[in-house]
Amino acid sequence: MFNQSYLNVYFICGTSDVPSHRTIHEVLEAALKAGITLFQFREKGESALKENDKLVLAKELQHLCHQYDVPFIVNDDVSLAKEINADGIHVGQDDAKVKEIAQYFTDKIIGLSISDLDEYAKSDLTHVDYIGVGPIYPTPSKHDAHIPVGPEMIATFKEMNPQLPIVAIGGINTNNVAPIVEAGANGISVISAISKSENIEKTVNRFKDFFNN
């Protein structure tokens, strides 16, 4: 069952997002110990693991998340999410249609990326638990990212649909969270702010502070 507090500190990561002196297992466990509320496995890029290697890693990271009672979400890959019985899936506008996914993922978390009003108007939110809005700020993590929409887009969506849980994504760090919270976001999702942090515990706790007040 989805709880919007899962979105508070939402960590997204794949092997290419982790510094060379760490493993993704080490980074994720440090983030889990510090108190992230949701994890999304996003294995992208030229060096991304494929097929069985990706499956094995997904199972290992899922097991790690469940040790800390944190839901494990798969990015885009419907077949992988089904095979490992993931806690949910997050898809973009160009990925499989939510309506089709929903038939495989009853009682699972479904997230959808929405960048602007046009995408919002075209999106069927019937089966969607939350939307990921962004990029809020310029981001180095996604080469195909849209133009930054700013925290104002969150405020706009909240005004249009106050009950819809929203997580902000894109270029977020501990220094620019405040406007996002003020705009009404239920949480923030980050990649490099945690994966490349020199002090993951401190970073995660700083993010948590914004949603515990």
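## Backbone details

Asn85 is found in the loop between α3 and β4 (88-91), where helices (H or I, at least four residues) and strands (E, at least two) are DSSP runs, numbered from the N terminus. Phi of Asn85 is near 55°, a positive value in a residue other than glycine, and the residue is partly exposed, with a relative accessible area of 49%; here buried means under 20% relative accessible area, exposed over 50%, and partly exposed in between (1.4 Å probe, protein chains only). The model is predicted, so that local features need pLDDT of at least 70 and side-chain atom pairs count only at pLDDT 80 or more, while totals for chains, interfaces and linings use all residues. Residues are numbered from 1 along each chain as its sequence is written, and side-chain values use heavy atoms, with hydrogens and water left out.

A positive phi, of about 45°, also belongs to Glu51, which is not a glycine; Glu51 is found in helix α2 and counts as exposed at 73% relative accessibility. The peptide bond from Gly134 to Pro135 is cis, with omega near 5°, and Pro135 lies in the loop between β6 and α6. Most residues other than glycine have a negative phi, and most peptide bonds are trans.

## Salt bridges

If a salt bridge is taken as a side-chain nitrogen of Lys or Arg within 4 Å of a carboxyl oxygen of Asp or Glu, the count comes to 3 salt bridges. In one of them Asp76 is joined to Lys44, with 2.6 Å between the closest N and O atoms. This pair links distant parts of the chain, 32 residues apart, as Asp76 is in the loop between β3 (72-75) and α3 (78-83) and Lys44 in the loop between β2 (38-41) and α2 (51-67). Lys44 is partly exposed, at a relative accessible area of 32%.

Asp77 and Lys54 form a salt bridge at 3.0 Å, N to O, and this pair too links distant parts of the chain, with Asp77 in the loop between β3 and α3 and Lys54 in helix α2, 23 residues apart. Lys54 is buried, with a relative accessible area of 15%. A further salt bridge, of 3.1 Å from N to O, brings together the side chains of Asp118 and Lys122, which are 4 residues apart in helix α5 (residues 117-122) and therefore separated by about one helical turn.

## Aromatic rings

The structure holds 7 aromatic pairs, counted where rings of Phe, Tyr and Trp (its six-membered ring) have centres within 6.5 Å, with planes under 30 degrees apart called stacked, over 60 edge-to-face and the rest tilted. Among them, Phe2 and Tyr130 are stacked, at 6.0 Å centre to centre and 20° between the planes. Phe2 lies in the segment before β1 (9-13) and Tyr130 in strand β6 (residues 130-133), 128 residues apart. Phe2 counts as buried at 19% relative accessibility, and Tyr130 is buried at 0%. Ring pairs link Phe2, Tyr6, Tyr10 and Tyr130 into a cluster.

## Helix α6

In helix α6 (residues 152-160), Met153, Ile154, Phe157 and Lys158 are buried. They cover an arc of only 135° around the axis, which puts them on the same side of α6, the arc being that of the directions from the helix axis to the C-beta atoms. Glu152 and Glu159 are exposed residues on the face of α6 turned away from its buried side.
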